[in-house]
Amino acid sequence: MKVIYNRLVPFRGFTAINLMGVVFARVEYRPLSTAILRHEAIHTAQMKETAFLGFYLIYISEWLWGLLRRQSSLAAYRAIRFEREAYRYMADPSYLTRRHPYAWASMS
């Protein structure tokens, strides 16, 4: 997974963002922790399962739905099933080796 450190993407207040399997991280977080890298690697696996475009369509629609229901962008973000899987397993070093395809679909 390629990591590009810079001062613009993601916006201030965020550590990293995975765009099409490439991680953009703020320079002040160099180097990224193994947990953050694993979190982003989980997103890459999710993207591949959904042919990349599907990931972004599901992600945005779940965030918008969460925003309408919860009226908080942070709560909406944390409710996205892709994020729930990534946060739940980012501290587990063996997760990606035993992860089942479409594991995000059963996140509750």
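**Arg-26**

I began with the side chain of Arg-26, which reaches the backbone oxygen of Pro-10 at 3.0 Å. The model is predicted, so I read these distances as computed values. I placed Arg-26 in strand 3. Is Arg-26 buried or exposed? It is buried, because its relative accessible area is 4%, under the 20% cut-off. I then listed its contacts, leaving aside neighbours within four places in sequence. Among them are Tyr-5, Leu-8, Pro-10, Phe-11 and Phe-14.

**Surface patch**

Next I looked up nonpolar residues on the surface. Leu-8, Val-9, Ile-17, Leu-19 and Met-20 form a patch there. Together they have about 440 Å² of accessible area. I found Met-20 in the loop between strand 2 (16-19) and strand 3 (22-26). Met-20 counts as exposed, at 52% relative accessibility.

**Helix 1**

I turned to helix 1, residues 34-49. How far does helix 1 reach from its first C-alpha to its last? I read 23 Å for its 16 residues, close to the 22 Å expected. Its buried residues include Arg-38, Ala-41, Ile-42, Met-47 and Glu-49. I checked what the buried residues pack against: strand 2, strand 3, helix 2 (53-70), helix 3 (73-79), helix 4 (81-89) and helix 5 (95-98). Lys-48 is also in helix 1, but it counts as exposed at 58% relative accessibility. I noted 23 Å between the C-alpha atoms of Lys-48 and Phe-14, which are 34 residues apart along the chain. Just after the helix, Ala-51 takes a positive phi of about 55°.

**Salt bridges**

I counted five salt bridges. Which residue forms a salt bridge with Glu-49? It is Arg-99, with the closest N and O atoms 2.6 Å apart. Arg-99 lies in the segment after helix 5 and Glu-49 in helix 1, so the pair ties together parts 50 residues apart in sequence. Both residues are buried. Arg-99 also forms a salt bridge with Glu-85, again with the closest N and O atoms 2.6 Å apart. That pair links distant parts of the chain, since Glu-85 is in helix 4 and the two are 14 residues apart. Glu-85 is buried, at 0% relative accessible area; Arg-99 is buried at 13%.

I also looked up Asp-92, which forms a salt bridge with Arg-98, the closest N and O atoms being 2.0 Å apart. Asp-92 is buried, at 19%, whereas Arg-98 counts as partly exposed at 43%.

Methods
Residues numbered from 1 in each chain as written. Predicted model: local features only at pLDDT ≥ 70, side-chain atom pairs only at ≥ 80, totals over all residues. Heavy atoms only, no water. Patch = residues over 30% accessible without salt bridge, like charges linked within 9 Å, V, L, I, M, F, W, Y side chains within 5 Å. Areas by Shrake-Rupley, 256 points an atom, 1.4 Å probe, with all protein chains shown as cover. Salt bridge = Lys/Arg side-chain N within 4 Å of Asp/Glu carboxyl O. Helix = DSSP H or I, 4+ residues; strand = E, 2+ residues; numbered from the N terminus. Buried < 20%, exposed > 50% of the residue type's maximum accessible area, 1.4 Å probe, protein only. Expected span 1.5 Å × (residues − 1). Contact = heavy atoms within 4.5 Å. Polar contact = N/O pair within 3.5 Å; in protein donor to acceptor, adjacent residues only side chain to side chain.
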